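The sequence and the structure are shown first.

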Amino acid sequence: MTGNALPSNPTGPRSPGAVSGAPSGCGRLDPAIAARLKRDADGLVPAIAQQYDTGEVLMLGWMDDEALHRTLTTGRCTYWSRSRREYWVKGDTSGHVQHVKSVALDCDADTLLVKVDQVGAACHTGDRTCFDADVLPLAK
């Protein structure tokens with residue numbers, strides 16, 4: 001298990017609250033914020049990353065309580081990887097960092113909007129956004 005990996009759990013982290021078995025020294029999400037979140041069955045909330053100054057939609061990631069806590073307290077976006085079942089800080093390996101400018105909860109409390117200053121590509125393919133490559137045609 002890597003330093004940020006959690007115990008094997010095929011469905012994802014177990015939230016609310018910090019995940020059992022999370023790395024030592026992890027904080028806890030403010031209970032007032034945690035109480036408001038509506039999570040999916042895996043304890044996750046979708047987080048839309050948007051360029052703060054242009055409004056460009058960059059990517060969609062997933063956060064549990066711990067990832068949101070880390071995002072709010074470090075100023076860098078931390079996500080939960082559903083495929084790798086571990087936390088990842090955007091840009092730690094690619095250098096394409098997301099500096100957090102603001103975080104908002106939508107009206108239903110089931111989606112986060114994270115406004116960031118994106119350095120480099122947001123998409124793992126190297127594209128500026130995850131929504132550049134496959135624009136679907138609209139019926140006329």
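Among contacts in the protein between residues at least 6 apart in sequence, what percentage join residues at least 24 apart? The share is 47%, where a contact means heavy atoms within 4.5 Å.

The model is predicted, so local features need pLDDT of at least 70 and side-chain atom pairs count only at pLDDT 80 or more, while totals for chains, interfaces and linings use all residues. Residues are numbered from 1 along each chain as its sequence is written, and side-chain values use heavy atoms, with hydrogens and water left out.

**Overall fold.** The protein has two helices and six strands, in the order α-β-β-α-β-β-β-β along the sequence. Helices (H or I, at least four residues) and strands (E, at least two) are DSSP runs, numbered from the N terminus. Of its 140 residues, 41% are buried, that is, under 20% relative accessible area with a 1.4 Å probe, protein chains only.

**Hairpin.** Strands S5 and S6 form a hairpin with six residues between them. They run antiparallel and are joined by seven bridges; two strands pair if DSSP finds at least two bridges between them. Val-103 has Val-114 in S6 as its bridge partner. In the turn, Ala-109 has a positive phi of about 60°.

| Strand | Residues |
|---|---|
| S2 | residues 57-63 |
| S3 | residues 78-81 |
| S4 | residues 86-89 |

Technical notes
Buried < 20%, exposed > 50% of the residue type's maximum accessible area, 1.4 Å probe, protein only.
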